[in-house]
Structures are given as C-alpha cells and as structure tokens.
Amino acid sequence: MDDNRLDSLAEEFASAPTFFREHAQFLDLLEKATKSAGDSASWTGEMAPADEQRTLREMSNILELYQERPTCLDPYLERIVGQLMSVVQEYVYAYHDSVAESAAKSAGSTDMVSCEASVGLSRLAGIFDLLYTLCKVRGYKVVMRFFPHGVADIEPVFTTLWMHSSHLARSGWTTRYMLLIWMSLLAMIPFDMESIDSGNLDLPSLDGSQSQSQSAISSNALVDRWIELGKFYLRRPACEMEGAAVMLSRLLSRKDTATAKQPAFIDWAIGEIRNAIGSDSDEDSASNKKGMSIASVLCVNGALRVLCHLLVAIDSAHVLRLQMPLLIEIFESNAYEQHSVTRKLIAKATQRLALLVLPPVTAANTARSSVRKSARANLGGASGRYSHDHLEYSGETTALDDNGDADSAEISEEVETFIGILLQKLQDKGIGRVAERLPPALAQEIVSAVADVLKEHALESSDKGIIDVSMTSEFAWHGALLALAELSRKGLLMPRSLRSFVPWVVRGLTYEIQRGDYSVGSNVRDAACYVMWSFARMPNPESRRVFGEMSLQMSTTLISVAVFDRESNVRRAASAAFQEHVGRHSSFPHGISVLQLADFFSVGNMRNAFVVASRKIAEYNEYREPLLRHLCMGTIYHWEHRTRELAAAALRELVPLAAPYVIESLLPQIVLAAELKENDMNSKDRDVPL
C-alpha cells in the first residue's frame, strides 16, 4: 500500500470524535425541544407535536455517536440534564395536581381506575426517551446526579410513576424506567419518611394480573406503597427490573426502614424464589428439562437483583441468621442451570453473602498486605527481604493469623459451602474477593481449583507447547480467567506458579472455537487481556523476573491480538494490557514506540488496526514474525469474510518485510493447511495476494 493510501486511512480514523463536536447544534435543538415540551397548554394531549418528536429523534441520533466516547459529553451534561429535568419536574407536579383534582371530584367512587387526569399520560414520552438515551450512553449513575432531589419531589414523582404503572398499555417503558431511577435518588433523602408522608395518596390499583388491589395493601403509608410498587416492577423484564432493584435497595437501606421493613422484604424475596422453583418442580419431567418458565425466571431474577444490592448495604451476617439456611438452599439449587443471567445473579449473591460472613480484610490476615509491604521495601531500596512485626517477605506472600500460624485459622461450614458454589458456578471475579479474606493455605487451594478449570478438557502437547481448546467450554474459561485476574490483583498468585499460568493465559488471548457459521470465545479473549493487565500490577520482584523471562511471548501475543482481533473491545483490552506492562516494567521490547502505534484509539478502527498499525509495528524485528505467524496460522482462516479480506490486505503489507521467512516457513504450512481443510469453505474462499 502506498503512502497516500496510508495517509487517507489515518485521516479517516482521525475523524473519530474526541470531544462533543455537535454541541452547538445539540444545544440549539435542546432549546427548541424544551420550549415545545415545556408549554403546559399542550400537556392535555397524549402525543407530542411532530416537530418536537423529530427534534428529539435527531438529538438521540447525535448522542448515539458517543457510545464509545461517553466522557465527551461531560462538560455539557449538567446543562443538558438540567434543562430536560426542569421540564419533567414541572410536568410531574402538574400531573400530580391533576390526579389529586380528579380524585377529589370522584370522591366516594369505588372505580378509581376510571378517574382520568387532565394532563396527558404520555405527553413527555419523547423527553423520557432522550433521558434514557443519555443513561444508555453515559450511565444512569452519572446522569442521575443532576436530577432534582427535593423533599417536595417525592409524592409527585411517586404519583406519576404509580399512574403509569396502572396504565401500562398507554405508558412507555423508558418513561417508567427513568421515573424509577429518579425515585431511587429520592429514596436517599435524609429525612424520616413519616415526616414526608402527607397521607393523602389515593391511587388506583396497579395494572397486571399479579398486582395488588388497594384493599390488599397492608397500609396506605407512603413507604408501604413504595415497596409495593417496587415489587410490582421486579416482575417486569429488562431495565424496569434493574431500576426497581436499585430503588428498593436504597429505600430499604435507610435507617428508618432497615429495621422495620428490610427483614420482612428479605423474607418475601426468599419466598418468591422458593415459590418460583416449587411451581416449576411440580411440573412433569419433560418440562423440567427445558428449565423454568419465563414468568418464574423473571420472578427469581427480580428478587435476586434486590438481594444482591441489599447484601452490600447490610453490615453483619447476624441480620440474616434466620434466612441463611434458606439462602444456601436456593444457591445450591440446580433449577437455574439453563438460565445464564440467573446463574450470574446467584454467583454474585453468593459472593456477597460470603464476604458478609468472613471477617474484613486487615493487615494481619491478607496476603495483599504483605505484598504492599514488599513493594514499599523495593521502592526504599531493600534487597528483597522486609520484616514488619511478625510478617516477613522473601519472594512469597504470607499471611498469618492472630496467633502467628498461617494455616491454623478456621472457616465456617457456611463459607466452605459458598466457596463450593462459587467454584461450581465460576462466572466472575467473586471467588478472588472471597479468597482474599481466607487463610493463605485455603487461598492457594482456590488458585489450584481455578487452574484445574482451565485444564479441564484441554489437551496440552508437552513437546511443542501447543494447547488444544476445541473441547473446552468458553464459559468455564471465561469465569476461570476472570477469577485468575482477581486473584492476581489481590496478590494471591505465588511467583513460582506464574510460569505455569502464563502459557494458559497466552492461549486464552487467541481462544476461538468455530461453531457452524459463527464462533465463540470473544469473552474469553477479553478476560485473558484482563489477566494480562492484572499481571502487570503485581508488585513483588520475583513476579517481575518471571515476566521478564516471558516478556517476548507476552508482548508479541498482546500486540497480535491488539491489531488483528475481530472484536474492537478485545483489541482495545489487549492494547490496555500492553500499556500497563510498558508503564510499570521495561521488559517489553520497544514498548513506548509500539504503544504509540497501537494505542486505545488506533486499534478502535478495524481497518486502521489491520492495515496501518500492523505495518508500522512490523518494522520492529521482534514483532514482525509473530504478526505474520498470527495472520497465517489463524486470521486468514477466519469464518467472517471481511476479516479474511483485511487479513489478506495486512499480509500484502507485511510480506515484503520478511519475504524469506514467509516463503520458507509460513507458505508451506498454508499449503498443508489448505490440503487438510479441503472441505472447509473458509479455507477455499480466502484470498492471499502475496
């Protein structure tokens, strides 16, 4: 490829936004939209004017452009959210007053549902859609910082949300979700709820077959209605369920509700899960093979989401002493095996409950603390041994209990059960956080168990060092690598075991299993990049020596993935891991120079990464042959046509730099692979213009 074409590709990549370029246009549209939506005279209708809808759609399209660079919106976020929420706040107050007037006119009537407010229910649906887009791009935790949160907002927002819940067919889910998020913020107001409750709420029953009638609600108090509303949305799918879980967890974690309402709610959540499991277990065996019904899955997921949030806020496991056996029974159930989201929630709840039972991390019972001490010793010029009280570091991390014996500490039977569940449902980083609070001997048993998960069903060639992963489970590898990364971050990987772990992590960087016309393994490759990133943050000198010995293998594989992987998130993760090693160690060859060519933004564009960045990196001898080998042994056989085309274009750029190596070593292997894969359409279809 000539220099002009390279320059044009670089210019095309450089056009990616690095700041909010359309801010002037967007703010003009914002003024126009809020002026139209803020006209209270138009609130009696159900639909927004066509011009307003068109303006809001155009604003949403602009925001969608910044999903990969959401922080570009930050300088303008307060103004954007503030203007939108000022209109929403006025609307909510007007709607609340309208409902109160309607209720007063129909005093004595038993049919509350027929009482219609004079303000349109879905008039500001477009504004709520735009707010949801902001939350999707920037995250609800950031956006909600700019929501109004006065005491006077609670009852109007609650009334509006309740009325939307009573008319689901006429209400949009984005409107209900944003109101739930707003209520979760209002739940944190530091005033007693009884002093806020006016006692004048007169509302219809919630919509849906499982909603509670007004007479079935235990009390007309605001908190009871609030909890009832949250329970209703826990059975709703997707965002509404998550919004309700956040809202309920914050409401039930308040000082004035933690004692009075939280235990009863936890009992209700456990009962909901057990009832959902029981209702499906009563069905015939044929239906059990298919897993739980959709309604049961939603019920279980909603209850588990709230429990996960509440377990973070609870201070002591003593609060759950009565519910602990029931929770363990739920976590050990096999009813969720067919449902990945439920399994993930079970693992998260198990981890948080285990952390609640275990003692907190202290300087005397964690391996991480001794690693930190060794880091301070290194920075201070120590020779590798550092003594502090009764802790000593000599290349291995050691943690002692209060009696000075690292292995004498005992853990409860409950914790052993939780660890068994986490290892069985190995899906996230929870096991590493639990291992940090265990005695060193038990922590190393967990490390061994995680290593066994990686080696299960994998075939390792002792003479060639090749690891065959075609028979492994991508979910098992994904969970094991995430756990390994967390164990590394917590300082629980012994330097002597790193030499055996690094080849498996390097294999995870290129993990891909083809299944029909698609492949799996992008999550595994992303997790392997995270492990590499965590390796760079291990502070003890022995680990650095190990990484120094294996730096060439690690650096070349990371760069190959950073420029030649199909998924942009994996390329960027590999680039981030490479950057972490370059910033903390000096063992990667030409680290800073190569990083400038394969930084976060350069590898974001697939064509730029394959053709431009790889060509410049291949000018360094250490990376030239590994890049070519990665292309010829894997990428040119990829199942996706576009990826194979880019691989061929990359080969056209790289081959002139190492023509003898390609002709003598790689070309015979390509021909041999073509003969072995004669019936593979991907092999026949590839074009390699040398």
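This note covers helix H27 and the salt bridges around it.

1. This is a predicted model: local features need pLDDT of at least 70, side-chain atom pairs count only at pLDDT 80 or more, and totals for chains, interfaces and linings use all residues. Residues are numbered from 1 along each chain as its sequence is written, and side-chain values use heavy atoms, with hydrogens and water left out.

2. Start with Val570. This residue sits in helix H27, which spans residues 568-584. Helices here are DSSP runs (H or I, at least four residues), numbered from the N terminus. Is Val570 buried or exposed? Val570 counts as buried, because its relative accessibility is 0%. The cut-offs are under 20% relative accessible area for buried, over 50% for exposed, and partly exposed in between (1.4 Å probe, protein chains only).

3. What does Val570 touch, leaving aside its neighbours within four places in sequence? Its contacts are Ser522, Arg525, Asp526, Cys529, Val561 and Asp565. Contact means heavy atoms within 4.5 Å. Take Ser522 from that list. Ser522 is 48 residues from Val570 along the chain, yet their C-alpha atoms are separated by 7.1 Å.

4. Now the salt bridges. A salt bridge is a side-chain nitrogen of Lys or Arg within 4 Å of a carboxyl oxygen of Asp or Glu. By this rule the model has 27 salt bridges.

5. One of them pairs Arg572 with Glu68, with 3.3 Å between the closest N and O atoms. The pair links distant parts of the chain, 504 residues apart: Arg572 is in helix H27, and Glu68 is in the loop between helix H3 (50-64) and helix H4 (74-105). Arg572 counts as buried at 10% relative accessibility. Glu68 counts as partly exposed at 47%.

6. Arg537 and Glu580 form another salt bridge, and their closest N and O atoms are 2.8 Å apart. Arg537 lies in the loop between helix H24 (522-535) and helix H25 (541-549) and Glu580 in helix H27, so this pair ties together parts that are 43 residues apart in sequence. Arg537 is partly exposed, at 32% relative accessibility. Glu580 is buried, at 15%.

7. Arg566 bridges to Glu567. Their closest N and O atoms are 2.6 Å apart. Arg566 is partly exposed because its relative accessibility is 27%. Glu567 is also partly exposed, with a relative accessible area of 22%.

8. Which residues form a network of salt bridges? Arg433, Glu436, Glu486, Arg489 and Lys490 are linked in this way.

Methods
Helices (H or I, at least four residues) and strands (E, at least two) are DSSP runs, numbered from the N terminus.
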